[in-house]
Amino acid sequence: MAESHPLDNPVVASLAGPHARFAEWRGRSVRYPADMTPFHGLPDRPVAADWAELAELAGPGAVVLLAIDAAVVPPADWEVPFRIEGVQLVGEQVLGKADPEAVRLGPADVPEMLALVERTRPGPFLSRTVEMGGYLGIRRDGALIAMAGERMHPPGHTEISAVCTDPAHRGEGLASRLLLAVAAGVRERGETPFLHAAGDNTDAIRLYGALGFRLRRPITFTGVRTPGRAG
């Protein structure tokens with residue numbers, strides 16, 4: 001039987017590997033801290049006990065985010081509030097390029113980062129997401145107008161995420177510059193950058209393809225609600 005690839009189940013691979021310090025396990029189910037990212041992980045082919053452990057981990061009535069095979073179906077007493085059909089892209093040939101205008105972002109910048117995310121909606125970004133990896137931003141007149149950074153970290157790979165630009169500055173090529181700057185840092189560690197995108201986000205997918213990322217596989221982002229009523 002072929003060994004599974006780290007990107008086949010990126011949440012579990014991250015939390016069992018380079019992000020082990022963040023992992024909260026219950027049996028074979030795992031999650032990041034709730035204020036870091038909503039992603040939870042299950043084994044490739046979860047059984048009833050794995051779902052039960054995930055419910056214990058998340059608590060009753062909680063909505064959690066899974067990056068799973070579309071064939072995986074939750075138990076009948078779980079709700080599925082949403083599914084997002086997405087794509088996973090990998091950049092084996094993307095070398096990246098440092099950007100002189102990019103600045104390192106950290107915990108002190110989180111309020112501005114959250115405000116930029118609120119304006120641009122690039123995907124989940126919470127108060128501690130910045131701890132998952134390096135983040136870079138571009139400022140104009142002191143204001144943060146674009147950013148990109150690192151999220152999941154399966155062995156040998158780093159996900160580039162939260163690529164966003166203030167609407168007033170779109171069309172200036174800032175997203176491309178920051179994505180390549182983050183990729184350069186990933187490459188310096190000897191790792192391969194990868195990305196996730198919603199399947200209908202054709203503009204972003206086109207941009208990533210132009211920068212050298214290739215489609216690896218479809219991926220389904222599923223929001224599931226654990227049984228019971230939230231306290």
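User: What should I know before I start?
Analyst: The model is predicted, so local features need pLDDT of at least 70 and side-chain atom pairs count only at pLDDT 80 or more, while totals for chains, interfaces and linings use all residues. Residues are numbered from 1 along each chain as its sequence is written, and side-chain values use heavy atoms, with hydrogens and water left out.

User: Which residues touch the most other members of the largest nonpolar core?
Analyst: General idea first. In soluble globular proteins, nonpolar side chains tend to be buried together. A nonpolar core is a set of buried Ala, Val, Leu, Ile, Met, Phe, Trp, Tyr and Cys residues joined through side-chain atoms within 4.5 Å. Buried means under 20% relative accessible area, exposed over 50%, and partly exposed in between (1.4 Å probe, protein chains only). Here the largest core has 24 residues, and I160, V163, L178, L179, Y208 and F213 touch the most other members. Elements giving at least two residues each include β8 (143–150), β9 (157–165) and α5 (202–210). Helix α4 supplies the largest share, eight residues. Such helices (H or I, at least four residues) and strands (E, at least two) are DSSP runs, numbered from the N terminus.

User: What is Y208 in contact with, beyond its neighbours within four places in sequence?
Analyst: Contact means heavy atoms within 4.5 Å. With those neighbours left aside, Y208 is in contact with L89, V163, L179, L195, A197 and F213. Another core, of 14 residues, lies apart from the largest one; V11, L15, F22 and A67 are among its residues.

User: How do I read a pocket, and what volume does the largest pocket have?
Analyst: Rolling a probe the size of a water molecule over the atoms shows where empty space is left. On a 1 Å grid over the protein atoms alone, a pocket is an open set of points where a 1.4 Å probe fits, with protein on both sides within 12 Å along at least five of seven lines; lining residues have an atom within 4 Å of a point. Grid points are joined across faces, edges and corners, and a volume is the space filled by probe spheres set on the points. The largest pocket has a volume of about 940 Å³. It is lined by 38 residues, and R121, P122, G123, V163 and N201 lie nearest its centre. Strand β9 gives the most to this lining, seven residues.

User: Is D50 buried or exposed?
Analyst: D50 is buried, with a relative accessible area of 2%. It is found in helix α2 (residues 48–58). A polar contact (a pair of N or O atoms within 3.5 Å; within protein, one must be able to donate a hydrogen and the other to accept it, and residues adjacent in sequence count only if both atoms are side-chain atoms) is the next term. One of 2.6 Å joins the side chains of D50 and R28. E56 also lies in helix α2, but E56 is exposed at 52% relative accessible area.

User: Where does D141 lie?
Analyst: D141 is in the loop between β7 and β8. It has a positive phi of about 50 degrees, although it is not a glycine. D141 is exposed, at 88% relative accessible area.
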